[in-house]
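Have the structure open beside you as you read.

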Protein chains: 4
Amino acid sequence: MTDTPYSIEMDVRDYECDLQGIVNNSVYQNYLEHARHCFLKHSGIDFAELTARGIHLVVIKAELEYKQSLKPGDSFRVSVRMEQVGRIRWAFVQEVIRIPDETLMVSGRITGASLNERGRPSNIPELEPLFEKL
Amino acid sequence: MTDTPYSIEMDVRDYECDLQGIVNNSVYQNYLEHARHCFLKHSGIDFAELTARGIHLVVIKAELEYKQSLKPGDSFRVSVRMEQVGRIRWAFVQEVIRIPDETLMVSGRITGASLNERGRPSNIPELEPLFEKL
Amino acid sequence: MTDTPYSIEMDVRDYECDLQGIVNNSVYQNYLEHARHCFLKHSGIDFAELTARGIHLVVIKAELEYKQSLKPGDSFRVSVRMEQVGRIRWAFVQEVIRIPDETLMVSGRITGASLNERGRPSNIPELEPLFEKL
Amino acid sequence: MTDTPYSIEMDVRDYECDLQGIVNNSVYQNYLEHARHCFLKHSGIDFAELTARGIHLVVIKAELEYKQSLKPGDSFRVSVRMEQVGRIRWAFVQEVIRIPDETLMVSGRITGASLNERGRPSNIPELEPLFEKL
């Protein structure tokens, strides 16, 4: 009953590295966001299209643990698991894993909520099927 | 007994905003990092110079709570308080506060450690006086 | 008859530096854009507000000459001069000058145009007074 | 005698888009840089490793023409052709082409030079074979 989470593969780009010669801490949030949006799209939910419709998926909490640093030339995989936290809240449990040695570089838990056009918390019907699978 | 923490003022730059029309989540880590480095410099510790000497201050954990979103045209203040967590670990307690209405936008707790040239945890003599004040 | 161009002052932020230890080339486009938007706002034109109204100011050409590299700790000034190129085209002539030694780091010429909601070239009445001053 | 240039494929990431809902102008410089570094690596030249050795490949001029804007969900190809301009100067002629409709989005010409550890122009033996092929 293995349950391999959704993941995407990426490569470190040199411009993402800072003067320490490693990927800058903030860039991991970019990686995690991109993987989440790919996951949502894969599940039939287009972030940009939702935004254009006035529905905003917003991050309300981000927790990242930095284990090791990605360096120029590294390839890695970003995984996404989704957990429903409440009717209009959910959490993405994510990992950044270096390829090919399968080392965990960063683990993250990103909690989000959905807001309607008036900035009010609101459930998104499109997300329901996703939660049902959880 | 007021104890106003160190802080810097910044303005939102339009390129920092994403297609939701608000500052992208990852950018707050940039803001927090810049404020930390200014704080360290203000305290006599130059991040770039330390890096050049082979001493790496690294983030091992980042916890951010997003309360409200900064928008184009907003000005804000980023504060920095430092707490020693262990001999070679410390935490920066930070807030992003919108000006002029003093609304808390993001609160963060960034835990860091120092590594020597061989990537080993190592205390930094320059940080000692900072901790003594805590 | 001195004619000092509009300019803003900024500081290098460490996260803007790449593994060469200098500000990454692409970041100067961020600096130039921010200075242009400040210049427009100073002239009564709000880029974000125009965008929300469906009017898009777009860059059609960017020419940058990199003379010297900004480094961590540097302060600099970004100037903006505007030249009308056609009825719906204009050019921003910009310089990045290090403070306090007044060294030219980057010079740029950014050509832009305005598009209406349907993506068609369109003149913007708000820009007319700006051009008249030229 | 077709001569297909080296190219890499990439996808737009939502965080690269600004409040206009399109990829921010500065991000194309990131795309072009990443493609150049991949091209160099493919040719046996590692940018990060050169930097660590004190040899700096620097951009001295960037010319970009923006034809159309990449949007969320777009895939694209970035091509790289190299032209020797002088003994220590070269130009990268690059294109950003949207997939699958093969539309030219951005064309760029990036002129670079190599500097040794003392910041002096210096030829790089590793680049010679690349130039010989030109």
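Contact here means that heavy atoms lie within 4.5 Å. Please keep in mind that this is a predicted model.

**Chain B with chain D**

By that rule, eight residues of chain B touch eight residues of chain D. Together the two chains bury an area of about 530 Å², and carbon and sulfur atoms give 72% of that area. On the side of chain B, the residues that lose the most area to chain D are Tyr15(B), Asp18(B) and Leu19(B), which together make up 63% of what that side buries. The residues of chain B that touch chain D comprise four nonpolar, two polar and two charged ones.

**Chain C with chain D**

Now to a pair of helices. H1 of chain C (residues 25-42) packs against H1 of chain D (residues 25-42), with an angle of about 175 degrees and axes 8 Å apart. An angle over 145 degrees counts as roughly antiparallel, and H1(C) and H1(D) are therefore roughly antiparallel to each other.

The residues that meet are listed by helix:

| Helix | Residues in the contact |
|---|---|
| H1(C) | Asn25(C), Ser26(C), Gln29(C), Asn30(C) |
| H1(D) | Asn25(D), Ser26(D), Gln29(D), Asn30(D) |

By class, this contact of H1(C) with H1(D) holds eight polar residues, no nonpolar residues and no charged residues.

Methods. Residues are numbered from 1 along each chain as its sequence is written. Chains are lettered from A and ligands numbered from 1 in the order in which they are written. This is a predicted model: local features need pLDDT of at least 70, side-chain atom pairs count only at pLDDT 80 or more; totals for chains, interfaces and linings use all residues. Side-chain values use heavy atoms; hydrogens and water are left out. Buried area is the accessible area (1.4 Å probe) that two parts lose on being put together, summed over both. Ala, Val, Leu, Ile, Met, Phe, Trp, Tyr, Cys and Pro count as nonpolar, Asp, Glu, Lys and Arg as charged, and the others, Gly among them, as polar. Axes are lines fitted to C-alpha atoms, for helices over the stretch in contact, and angles run from 0 to 180 degrees between N-to-C directions. Helices (H or I, at least four residues) and strands (E, at least two) are DSSP runs, numbered from the N terminus. Angles under 35 degrees count as roughly parallel, over 145 as roughly antiparallel, 65 to 115 as roughly perpendicular and the rest as oblique.
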